[in-house]
Amino acid sequence: LTTQPGPSEPPKPLEPPVLPLWQRAAVVGAALGAAGAAWLSLREEKERRRRQRRLRDLRALSLGQTDFELQDTAGTPRRRADLLGRWVLLYFGFTHCPDVCPEQLERLCDTVRLLEADPALPPVQPLFVTVDPARDDAAALGRYLGEFHPRLQGLTGTPEQVRAAAAAFRIYVSAGAPDEDGDYVVDHSVLTFLLDPDGLVRDCYGRARTAEELAGSVRRHMESYEPLPP
């Protein structure tokens with residue numbers, strides 16, 4: 001008897017070689033790294049565009065572009081041009097303020113100290129402009145501001161000069177009625193302004209931001225800063 005050969009079995013498909021575990025981990029790590037780099041790049045670009053939009057909005061308001069004349073604690077006249085060439089953190093307030101202004105000045109000076117800790121960054125000038133010139137003369141400012149930071153400068157002037165400076169930055173100011181002791185409170189906008197070396201307002205900060213957040217924001221503005229063409 002002859003035996004008929006059975007049907008031949010189909011050839012088995014070739015299986016891809018299995019990479020060693022360390023190679024598989026390297027491939028996964030490379031893919032995750034590329035995805036992470038792409039995500040960081042998108043986030044940085046989004047942040048850059050957000051800063052540009054905010055800067056355009058601030059420039060459209062023309063904040064701080066009107067000239068003004070005040071006096072420092074030594075009685076030296078100071079104008080807007082004296083702020084050029086350096087970074088400035090500027091706050092409007094008054095020395096008789098019971099809580100808000102001291103808190104904001106402390107935050108401003110803490111921000112300056114955080115930035116001073118990095119010698120690679122340019123110095124930042126802290127600046128206080130009074131909204132209460134009737135009580136905040138040069139001597140009063142000098143005594144008050146010395147408690148916060150050795151480089152904190154103060155500016156005052158006549159009521160007309162102070163109103164003009166506040167108006168240049170769109171600062172609202174309204175003095176309340178005096179009490180029986182002649183004391184009164186000045187209601188005003190609570191904002192801190194960052195001025196770049198060209199004298200342009202790069203950012204403004206409300207009460208809620210911490211010193212660490214302000215320092216981070218100032219650092220980013222410094223890193224993205226490009227001087228205006230002559």
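**Notebook: a seven-strand sheet and two histidines**

I started with strands S1 and S5, which run antiparallel and are joined by 2 bridges. Helices (H or I, at least four residues) and strands (E, at least two) are DSSP runs, numbered from the N terminus. Two strands pair if DSSP finds at least two bridges between them.

I noted that this is a predicted model, where local features need pLDDT of at least 70, side-chain atom pairs count only at pLDDT 80 or more, and totals for chains, interfaces and linings use all residues. Residues are numbered from 1 along each chain as its sequence is written, and side-chain values use heavy atoms, with hydrogens and water left out.

**The sheet**

In what order do the strands of the open sheet come? I read S2-S1-S5-S4-S3-S8-S9, 7 strands with mixed pairing. S2 (77–79) and S9 stand at the edges, and each has a single partner strand, so one side of each is left without a neighbour in the sheet. From one strand to the next, the twist averages 30 degrees. For angles, axes are lines fitted to C-alpha atoms, for helices over the stretch in contact, and angles run from 0 to 180 degrees between N-to-C directions.

I then followed Gln 71. Its bridge partner in S5 is Thr 156, and its bridge partner in S2 is Pro 77. S1 (residues 69–72) and S2 pair in the antiparallel sense over 3 bridges.

S4 and S5 run parallel, joined by 3 bridges; Val 129 has Leu 155 as its bridge partner in S5. With H3, these strands make a right-handed β-α-β unit. Right-handed means that, with the strands pointing away from the viewer, the path from the first strand over the helix to the second runs clockwise.

**Helices across the sheet**

H3 (residues 138–145) lies across S1, S4 (124–130) and S5 (153–156), running at about 155 degrees to S5. H4 (residues 159–168) lies across S1, S3 (87–93), S4 and S5, at about 110 degrees to S1.

I looked at S8 (residues 192–195) next. Both its faces are covered: Thr 192 and Leu 194 on one side, Phe 193 and Leu 195 on the other, are all buried. Buried means under 20% relative accessible area, exposed over 50%, partly exposed in between (1.4 Å probe, protein chains only).

S3 and S8 run antiparallel with 4 bridges, and Leu 90 has Phe 193 as its partner in S8. S8 and S9 form a hairpin with 5 residues between them, and Gly 199 in the turn has a positive phi of about 85 degrees.

Is Asp 203 buried or exposed? Asp 203, in S9 (residues 201–205), is buried at a relative accessible area of 5%. Its side chain makes a polar contact with the side chain of His 221 (2.9 Å). A polar contact is a pair of N or O atoms within 3.5 Å; within protein, one must be able to donate a hydrogen and the other to accept it, and residues adjacent in sequence count only if both atoms are side-chain atoms.

**His 188**

His 188 lies in S7 (residues 186–188) and is buried, with a relative accessible area of 9%. I found the backbone oxygen of Phe 92 at 3.5 Å from a polar atom of the His 188 side chain. Their C-alpha atoms are separated by 8.1 Å, although the two are 96 residues apart along the chain.

Notes. Contact = heavy atoms within 4.5 Å.
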